[in-house]
Amino acid sequence: MKAIANIFVELFIDNAFVMSFLIVGIISLFSKFVADKLTRGKIHSSAIAIFLGLILAYVGGRATGGSKGLSDLPIFAGIGILGGSSFRDFAIISTSYGAKFSEIKKCGVIGVVALLIGVIGTFFVGALIAIAFGYHDAASVTTIAAGTVTFVVGPVTGAAVGADSAVIALSIAAGVVKSITVMLLTPMVAKKIGLTTPRAAMVFGGLMGTTSGTSAGLAATDPKLVPYGAMVATFYTGLGCLLCPSVLYFIMKIFLP
Amino acid sequence: MIYGVALLAGCMFAGSFVGNLLGILTGLNSDIGGVGFAMILLLLATNSKTVNKIMPAGYTKGVEFWKEMFIPVIIALSASQNVASAIDGGLLALLAGVGVVVVMMLMIPLLNKLIPQKAEDKVSEEVEV
């Protein structure tokens, strides 16, 4: 019996990438069943699947102590390939096929405005929360605030302004929480905040940033909106890396000597 | 099938190249919006008459396949997030992460009301001209 189980374990480890198709397929099928039968189609099945993915990531992270969720377990390593940044970007790019160019042109200016408000607004909200928690030096506050921009901007900024490594870790955690919150909250509030048009999706992408969070959140809301939101969101991290360690850090330095 | 997938891959590298170049020019040394540029490239390519002439019929199926695979990729992505450490990050990480999202979400209807009005006026003007 144990020998048979071992055959499977070895097969799964040897064919990790193929294994990931099976796992994701099973998660999707289960989510579709839950969405259709238990929620009667009220909740999008991809929202349930993404939520399930996050729970599995938590379980995997707890079980292994690693940083890549479920994919730290050797038999699920393929999940890390399929869900890694390479395939993420590849799949996001493919979503632009079929999007309307006229919509994007129309929203160019709004996209830029949303990006600026998104990065700067997020930074200051993050900074206020960091100050409320007792951080009073410009480097720490800037780093934590940058982490709330995205989990990439946090460590980049932290390194540039010479923040403590514990603070950098905290900034990454804040960024990951943000990304997950966007994934989960977007489908729930989409209608209330008017997230139904390409224009609104582009504003959304600019305000939220986090490419993973935005694309997952929009995918679970209405897959047609993904290209518009994702396209704007991809410029968010770059803008954050540009503004946080420079202009925004100097502003923080004025207020926090 | 392969032609579309190859086109997609080509767009990704071309876009990332532009993104990285921008990164070097701005001194950030990271990819700035490479995926965004790649998306625009793919959009231009699939709408271009020359590309559609060169490519064998039905090449877009390869692009469509990956478009369909987008949600499964995102499910895999969510399953490989560092959720455990996000929760362990403590109250500050949780509050800061959730706080910024809530505030920004409240701004969407506001921004939608304020700016697009003008943009729509512009568009309708263009149509009249």
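What share of the 129 residues of chain B count as buried? The share is 45%, where buried means under 20% relative accessible area, exposed over 50% and partly exposed in between, with a 1.4 Å probe and protein chains only. The model is predicted, so local features need pLDDT of at least 70 and side-chain atom pairs count only at pLDDT 80 or more, while totals for chains, interfaces and linings use all residues. Residues are numbered from 1 along each chain as its sequence is written, chains are lettered from A and ligands numbered from 1 in the order in which they are written, and side-chain values use heavy atoms, with hydrogens and water left out.

Chain B has eight helices and zero strands. Helices (H or I, at least four residues) and strands (E, at least two) are DSSP runs, numbered from the N terminus. The order of elements is α-α-α-α-α-α-α-α from the N terminus on. Among contacts in chain B with a separation of 6 or more, 47% join residues 24 or more positions apart. Contact means heavy atoms within 4.5 Å. About 6,800 Å² of chain B is accessible surface, and carbon and sulfur atoms hold 68% of that area. Accessible areas come from the Shrake-Rupley method with a 1.4 Å probe; for residues, only the protein chains shown count as cover.

Chain A comes to 14 helices and zero strands. The radius of gyration of chain A is 20 Å, close to the 18 Å that the globule rule gives for 257 residues, so chain A is as compact as a globular protein of that length. That radius is taken over C-alpha atoms, and the rule is 2.2 Å times the number of residues to the power 0.38. The C-alpha trace of chain A spans about 70 × 45 × 30 Å along its principal axes.

Of the 257 residues of chain A, 55% count as buried. Residues 24 or more positions apart supply 70% of the chain A contacts with a separation of 6 or more. The accessible surface of chain A is about 10,900 Å², with 71% on carbon and sulfur atoms.

Chain A carries 17 positive and 9 negative side chains. Lys and Arg count as positive and Asp and Glu as negative; His and the chain ends are not counted. The centres of the two sets lie 13 Å apart, with each charge placed at NZ of Lys, CZ of Arg, CG of Asp or CD of Glu.

Chain A is assigned domain 1 (2–83) and domain 2 (101–255). The bounds come from an automatic or database domain assignment. The C-alpha centres of domain 1 and domain 2 of chain A lie 28 Å apart. Their contact takes six residues from domain 1 of chain A and nine residues from domain 2 of chain A.
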